[in-house]
Each structure stands twice: as structure tokens, then as C-alpha cells.
Amino acid sequence: MAGTVPVATSLKDIYTDDALAEQTGRWDRLLKEFKTNYGRNPQFVSRSPGRVNIIGEHIDYSLYSVLPMAITADVILAVAVIENAHASEGHYKIKVANVQSAKFPAHEFEIPYGSVDIDATVHEWTNYFKSGLRGALALLRKQHGTDFKPKSLEILMDGSVPAGGGLSSSAAFVSASALAVMYANGETSVDKTALTELAIVSERAVGVNSGGMDQSASVFSLRGSALYVSFVPSLTARPVYFPASNPELTFVIAQSFVVSDKHVTGPVCYNLRVVECSLAAAYLNAIISKGHPLPADSGPLGISLHGVQDVYFKDSNKPVSEQLSELISLVGSTLTKEEGYTREEIAEVIGLTVPELNERFTSTFPVRAEKFMLRQRALHVYTEVVRVLQFLSILEDPKSHLDADSGSSTETFNCKLGDLMNETQDSCRDFYQCSCSELDQLCAIARRAGSYGSRLTGAGWGGCSVHLVPADRVEAVKKAWETEYYSKLNLTEEQKAGAVVVSKPGSGSAVYVVDGDTVI
Ligand code: NG1
């Protein structure tokens, strides 16, 4: 699926039919507002979608494969290059505005040619643009030399992925920004892999030790298919199709309306989990592969639980599923402390002093923890990897499951997929501790009303849930949520309208060249 980001000539190339009418109105409004703001038409629009993760939660930063799909909700950036920006000597100008100007005020930056400063301690919406800018410029400099001079730009953004909702608004924004900067600076054929890799690294500049799932789903996805994303030996993605089933399967996404902001909760939630997985890798490897250090890899902290598998099974030709079962039992017998591990205990086993451990693992982003839950985190990761592989094999080799029922029913196949999603939710709740009571409730309500599988999606601790629901039960599930969950919250009309979305797999990043005042 490598190749270049498509340049669309019609919104039909970007959206599914059911979304076209609404999106055309939204894009026309964006173009109109751009003209009102800046007095001219934009030259192009760069677009990257949010995503829902079907299965494979919190394993991307341990470098294990995941199965997300892009959704219709996205970030669109209308862009014009300013030829005569009157910037100070050695600088260029970036004007960024948002259609929701009250919530996201406009800014104008004069940026020196050499570097882009981002203050990750300040939670400012334009940081995401700047991080895409910084990543894109690093790539442009690699291609054109260090004295490359970026162009001045006018930008207007419209984002429809809810922020903090677990649907990856940040990756959509960073990927769309990097794409906009590349295209505006003359790169009309933007390589998808290069764009994804730079978006992954860029997002880490905004204060989160991000894995690579979201950016990959945002850039690579193809309409009508989920995406199997792998991170080692290098970043690759391939489409995965759902066979026809009876009853037909749909993915329903439901908001919990518990806002989970990774930047605020990072020290005790997301970033802490990244540290715990890296420490679990170092600890486990030190015990089970004595004398064979973990190789440096592309994980956020440079080593990973995947690395542990690579070292331990270096000369083995055991099938991967057996390797994983063995790792799960090794975690059980090696990481025995249910109550967690102190820094002192870990440092001693991995051969560092406590200050060295802090410097190595907790200095990029601060974390707050007395004890690190290595056993539970490693168990979640390795069991989740098994679930992803089982899910994939059911989808790609479905015959025996599809044929298990009499007549045209595919109930067995549907239930198998749903069961794996339910097991993920249990593991996220019990081992990874990234669920919350509201997400647990949404899942329980949906299952009672007919969902095959229900689980949190994305980082968790709030945000969204995803449900595998037979098409003929969607209304019943929605009704049950309304009665048992949403009616008890004080929601605005806008929130009510966006609470539940039935999503078809959408397409990934694209550039749309603007010709005139309207879109086609
Ligand atoms: P969210 O918070 O849903 O965008 C985060 C990470 C992913 C992945 C999931 C958990 C970022 C940008 N995204 O997703 O890489 O680790 O959590 O599976 O940090």
C-alpha cells in the first residue's frame, strides 16, 4: 500500500456516498470563509481522517501490529501560499485560523528558516500544526539541502473529529498539517510512508509518547477496508476486508463523553503506560535472555516488548502463536509481583542506578508512579497480540467459521469476532487499567441489546467505544444507550447528534486542488 498520497479531483474520491452531501456543504463553507478571512481562494485543501481501532489496543508502541480503520470525520486544511508575506529577514510567515474561531483563536507566526519552536508545556491548538510543520521541514531539508527556505502560508482549518474522544483528532491534524506543508512547498507527490513516519515522530514533539497506529490509519486507509498496520521490520500497511456475513456486521462508535486529554493525564495514564511497557521489556529480557541485551528499536523509548520476543526466539523456528503463548507464561512466572515494582527493584535487575533509570525512561515525558505494574501491562500486551492475530486469521481465512452454521447464517463467524473484542475490553479494564466505569457501562448496555463485541477504542480512560453490531440490532442498541446512559447526562443538542455514529471504513489522507469558489 506504499505509494503517494492521492490528489483528488472530486469529493467523490474522498467520501463514501452517504457522506457526500453533508461534506460538500462543509467544504464549500470552508472555501467561502477562507476567502472572507484572507481575501482570496485557497489553492488546495489537505485532508486526513480520524480513525477507530477495531482491535489491537495499546500495543503499537510495543511495536506489535494493529487493525484500525479510517472514519469519515477528519481535519481539512484550506491552504494558500503567500508570495509576498513581508516577513522579517530570515523568517517566513504562517497564518493559522480555525472555523471554530471562539474555541480555537487565530494566530500569526514569524518563524526563522532554521527551526520551529514548540512549547509542549503550553496546551495550545496550533502546536499540532507546528509539529506537522517541523516534521515536514525536516524531510524537505533532507531532500533539498539545509538552506531550504519554506514558503509563507495562509491556512484555515475545519476539524470534525471530536478532541479527546479516542478517534485520533491529533493524528488527523498533524498528518493533514505535514501534508499541507509538503504540498505547499512543491512536493506534489508525497510518499505515504514518509508522511506517516514523520507524523509519528512529529506528534511526539507535542508531549505524548505516541505509537504509530493513528497516523498510519489516517494516511494509508482505503475506503471499504480495515488496515493491518505493522511496525517492524519497517512500517507497512495492508487492507483487510470483511467478508459478507448474515446478519450483516456494522461498526458503531459511541462516545462516553468522558473527556480524556492525554496531555493532561499523560503522567499517570498514557505516558506512564509507555514507560511501564518499556520497563517490563527491560526487566523481562534481563531475566529470560541474560547477557543478550535488547536491540534499540523504533519504540518511543527505544526498546520494546517486541524486542524481547526477537531476542528470546532469535534462533527458534517456533510458530509465532507458540512463541506468544510461551512469552505469556514467562511473564506469569517472571513478573510475579501483582502489587507492582519500585524503581529500586527494577534498576537492580536491569543493571542501572535509580538516577540512570529515571534519565533513561522517565525524562522525555514526566510520569508519576511509586510502583510500576509490569506484570499486568506485559500480560495485556502479549494476550492482545494473540487476539489481533486470531481476529486477522478469522477475517482472512473465514471459510470454516462462515460455514459453521446451517443455511445462510454466519452467527458463529460474527460471534468469534465479537468475543475477541469483548476479551480486549476485559483486558483493558483489568490488566491495562485504561477503561473507566462509563466505558464499561456503554459496553455492557450494548451487549445486552445485541452487540457481538463491545470495547473501548483508542487510548481509553474515557473517549469512544466501538461495537460490532448486527445491522438489524443497531436501532435497539442505540435505543438502549439513550435510555440507560445518554438520557442521564446533560448533553447539548450537538452532543446528542454526535453521540453515536455508524461508520463505514473511509479513505485516508488526500490533497484536493481547488479550482474556483466551490468544490465538486
Ligand atoms: P488515541 O488517544 O485514541 O488517539 C492513542 C495513541 C495510539 C495508540 C492508542 C492505544 C497517540 C497519538 N495515539 O490513541 O498510538 O497507542 O492510544 O491503542 O498517542
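Student: Where does His86 lie?
Tutor: His86 sits in the loop between strand E3 (67-82) and strand E4 (91-98). Helices (H or I, at least four residues) and strands (E, at least two) are DSSP runs, numbered from the N terminus.

Student: And what is phi of His86?
Tutor: Phi of His86 is near 50 degrees, a positive value in a residue other than glycine.

Student: What kind of model is this?
Tutor: This is a predicted model, where local features need pLDDT of at least 70, side-chain atom pairs count only at pLDDT 80 or more, and totals for chains, interfaces and linings use all residues. Residues are numbered from 1 along each chain as its sequence is written, and side-chain values use heavy atoms, with hydrogens and water left out.

Student: New topic. Which residues are closest to the ligand?
Tutor: The closest are Glu57, Asp60, Asp214, Lys262 and Tyr270. In total, 17 residues surround the ligand. To count, a residue needs a heavy atom within 4 Å of the molecule.

Student: How does that shell divide by class?
Tutor: The shell has five nonpolar, six polar and six charged residues. Ala, Val, Leu, Ile, Met, Phe, Trp, Tyr, Cys and Pro count as nonpolar, Asp, Glu, Lys and Arg as charged, and the others, Gly among them, as polar.

Student: What is 2.5 Å from the side chain of Glu57?
Tutor: An oxygen atom of the ligand is 2.5 Å from an N or O atom in that Glu57 side chain. A ligand oxygen is also 2.7 Å from a polar backbone atom of His58. A nitrogen atom of the ligand is 2.6 Å from an N or O atom in the side chain of Asp214.

Student: How much of the ligand does the protein bury?
Tutor: The protein buries 97% of the 440 Å² that the ligand exposes taken alone. Accessible areas come from the Shrake-Rupley method with a 1.4 Å probe.

Student: Last one. At what angle do the axes of H10 and H11 cross?
Tutor: The axes of helix H10 (residues 343-350) and helix H11 (residues 354-361) cross at roughly 90 degrees and come within 9 Å. Axes are lines fitted to C-alpha atoms, for helices over the stretch in contact, and angles run from 0 to 180 degrees between N-to-C directions.

Definitions and conventions:
A polar contact is a pair of N or O atoms within 3.5 Å; within protein, one must be able to donate a hydrogen and the other to accept it, and residues adjacent in sequence count only if both atoms are side-chain atoms.
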